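Subject: Structure handover

Hi,

Here is the structure I said I would pass on. Please open it next to this email.

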Amino acid sequence: MPRTLEGQITMEKTPSYFVTKEAPRRIYNMSRDTKLIVVVRNPVTRAISDYTQTLSKNPTIPSFQALAFKNVSTGLIDTSWSAVRIGIYAKHLDNWLRYFPLSKFLFVSGERLVSDPAGEMGRVQDFLGLKRVVTDKHFYFNETKGFPCLKKPEGSSKPRCLGKSKGRPHPKIDGQVVQRLQEFYRPFNMKFYQMTGQDFGWD
């Protein structure tokens with residue numbers, strides 16, 4: 001990490017930290033004062049999105065259903081598939097809470113980041129002890145991408161949108177597959193809501 005001067009905040013983002021077993025201990029040993037921001041979204045949508053991204057890079061991979069189930073007829077979910085495993089947020093958070101208290105975390109709703117980006121960014125700024133500088137004036141909704149984009153309120157420069165890999169249409173997944181995954185995640189979601197004191201409304 002670069003040296004941080006008085007009045008500065010150093011930030012780093014890596015999605016895999018939250019699901020990497022060794023990460024909490026390593027980060028704790030580096031700095032136990034670290035504040036942690038975790039963006040989560042409905043784990044079913046997350047798994048489909050993960051699959052969509054892999055499919056765009058490798059169109060010959062098996063179907064979503066083939067990868068998600070160990071046994072389709074019994075409905076047994078394959079938790080060894082990373083797209084499924086990552087969404088078991090309660091399990092990952094358990095690992096982090098062995099090193100960091102809940103007060104060091106801010107859980108950001110991926111859904112609200114799309115529907116109310118300024119509101120979620122307000123929470124982020126408060127959590128980091130920053131003045132609320134980023135407001136609704138900084139966002140506009142891009143119909144093509146289906147995401148909000150960042151703009152300078154003065155209109156001085158080109159808006160910044162998420163890259164090409166974001167906002168691509170998801171493949172059609174059988175309703176029963178989606179329903180089975182929702183059932184699978186429900187107890188983990190409920191535990192996650194209890195652990196964080198937040199209901200993300202995924203059920």
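Below are my notes, from the whole chain down to single residues.

**Overall**

This is a predicted model. The chain has eight helices and six strands. Read from the N terminus, the order of elements is α-β-α-α-β-β-α-α-β-α-α-β-β-α. The C-alpha trace spans about 60 × 40 × 30 Å along its principal axes. There are 203 residues in the chain, and 34% of them count as buried. Contacts between residues 24 or more positions apart make up 56% of those with a separation of 6 or more.

**Helix α2**

Start with α2, residues 43-57. Its 15 residues should span 21 Å at 1.5 Å a residue, and the end C-alpha atoms are 21 Å apart, so the two values agree. The N-terminal end is capped by N42. A side-chain oxygen of N42 sits 2.9 Å from the backbone nitrogen of V44.

Which residues of α2 are buried? They are P43, V44, R46, A47, I48, Y51 and T52. An arginine, R46, is on that list. These buried residues pack against four helices: α3 (64-68), α4 (82-85), α5 (89-96) and α8.

Q53 also lies in α2. Q53 and H170 are 117 residues apart along the chain, yet their C-alpha atoms are separated by 9.0 Å.

**α2 against α8**

The axes of α2 and α8 come within 9 Å. They cross at roughly 125°. From α2, the contact uses P43, V44 and I48. From α8, it uses V178, L181, Q182, Y185 and N189. By class, the contact of α2 with α8 has six nonpolar residues, two polar and no charged.

**α5 against α8**

Helix α8 has another partner in α5. Here the axes come within 8 Å and cross at roughly 35°. On the α5 side are Y89, A90, L93 and D94. On the α8 side are F188, K191, F192, M195 and T196. The contact of α5 with α8 divides into six nonpolar residues, one polar and two charged.

**D203**

Last, D203. Where does D203 lie relative to α8? D203 is in the segment after that helix, which covers 175-196. Is D203 buried, partly exposed or exposed? D203 is partly exposed, because its relative accessibility is 44% and that value is between the 20% and 50% cut-offs.

Beyond its neighbours within four places in sequence, D203 is in contact with Q182, R186, N189, M190 and Y193. With R186 there is a polar contact: the two side chains are joined at 3.3 Å. Two of the residues that D203 touches, Q182 and N189, also belong to the α8 side of the contact with α2. K152 is another matter: D203 and K152 are 51 residues apart in sequence, and 36 Å apart in space from C-alpha to C-alpha.

When you have the model up, I would look at α8 with its two partners, α2 and α5, and then at the D203 and R186 side chains.

Best wishes

Methods. Residues are numbered from 1 along each chain as its sequence is written. This is a predicted model: local features need pLDDT of at least 70, side-chain atom pairs count only at pLDDT 80 or more; totals for chains, interfaces and linings use all residues. Side-chain values use heavy atoms; hydrogens and water are left out. Buried means under 20% relative accessible area, exposed over 50%, partly exposed in between (1.4 Å probe, protein chains only). Contact means heavy atoms within 4.5 Å. A polar contact is a pair of N or O atoms within 3.5 Å; within protein, one must be able to donate a hydrogen and the other to accept it, and residues adjacent in sequence count only if both atoms are side-chain atoms. The expected span of a helix is 1.5 Å times one less than its number of residues. Axes are lines fitted to C-alpha atoms, for helices over the stretch in contact, and angles run from 0 to 180 degrees between N-to-C directions. Ala, Val, Leu, Ile, Met, Phe, Trp, Tyr, Cys and Pro count as nonpolar, Asp, Glu, Lys and Arg as charged, and the others, Gly among them, as polar.
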